[in-house]
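Hi there,

Here is the structure I promised to pass on.

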Amino acid sequence: MSRPTALIADDEEGMRQQLRSRLQEAWPELQIVAEAVNGIEAVALAGQHQPDIVFLDIRMPGLSGIEAARMLFNRCHLVFVTAYDQYAIEAFEQGALDYLLKPVGGERLKTTCARLQSLIGQQPTNIERQLSQLLSHHSKPPAKQEYLRWIQAVVGTNLRMISTREVLFFQADEKYTRVQTEQSEVLIRKTLKELADELDPNEFWRIHRSTLVRVDAIQEVTRDLRGRQMVRIRSHPELLEVSRGHTHLFQQM
């Protein structure tokens, strides 16, 4: 019999690593076939790998875990992973949906693994109604997010203010992040992860773990001789690589 398979979706690398490690301890036979950094990627990778189980963080950029679950529930067994939120937990318990609390571990994980082992090979339960209820519960509280509009960069002895509208792309550069505009580039100490959390996801896309690009600065997307997708930025000669995990952003290619 083939080993059961699973996909982990969480936008925080540390949380993915922790869950993978805890699952290896609690269920050594389970094979983690892929990891996703957001809901959109989770749906794409689930279609590619057809896992038996998907572990979904609730709060992810682009497409939340609950929204992704509504596209996956009839194809695999689902487990939500969440930080403690009493309102959400009550909704889970009322809907009989499986969930794990961060940090993941302990008896709850053992119970979940035992339950999943008994479900492998069975058709996933139709939980569309419960997911709709959970989505309505979970979508009420958040207020409209104020996104980052200005980048502060120290240039010599001066503090330079750069509007995010001027930025073509951000790129991780060892301990710094490179901020590229049409006229110049500067280095700042803010990490790419912090920027990704603070920038409007409709204006900036993460195309690589080390690159955030302004969407309307993209001139074209091509393929190089190795088959990699490469983004060409207007008013700038540099080509930016699209990593394999982010090719879904340009699905027409």
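Of the 253 residues in the protein chain, 43% count as buried, meaning under 20% relative accessible area, with exposed over 50% and partly exposed in between (1.4 Å probe, protein chains only). The chain holds seven helices and 15 strands; these are DSSP runs numbered from the N terminus (helices H or I, at least four residues; strands E, at least two).

Please keep in mind that this is a predicted model: local features need pLDDT of at least 70, side-chain atom pairs count only at pLDDT 80 or more, and totals for chains, interfaces and linings use all residues. Residues are numbered from 1 along each chain as its sequence is written, and side-chain values use heavy atoms, leaving out hydrogens and water.

On confidence, pLDDT (the predictor's confidence in each residue, from 0 to 100) averages 86 over the protein chain, and 89% of the residues score at least 70.

Now for the aromatic rings. Searching the whole structure gave two aromatic pairs (Phe, Tyr or Trp rings, the six-membered one for Trp, with centres within 6.5 Å; planes under 30 degrees apart are stacked, over 60 edge-to-face, the rest tilted). One of them is F170 with F204: the centres are 5.5 Å apart and the planes at 50 degrees, so the pair is tilted. This pair links distant parts of the chain, with F170 in strand 8 (residues 167–173) and F204 in strand 11 (residues 204–208), 34 residues apart. F170 is buried at 0% relative accessible area, and F204 is buried at 5%.

Best wishes
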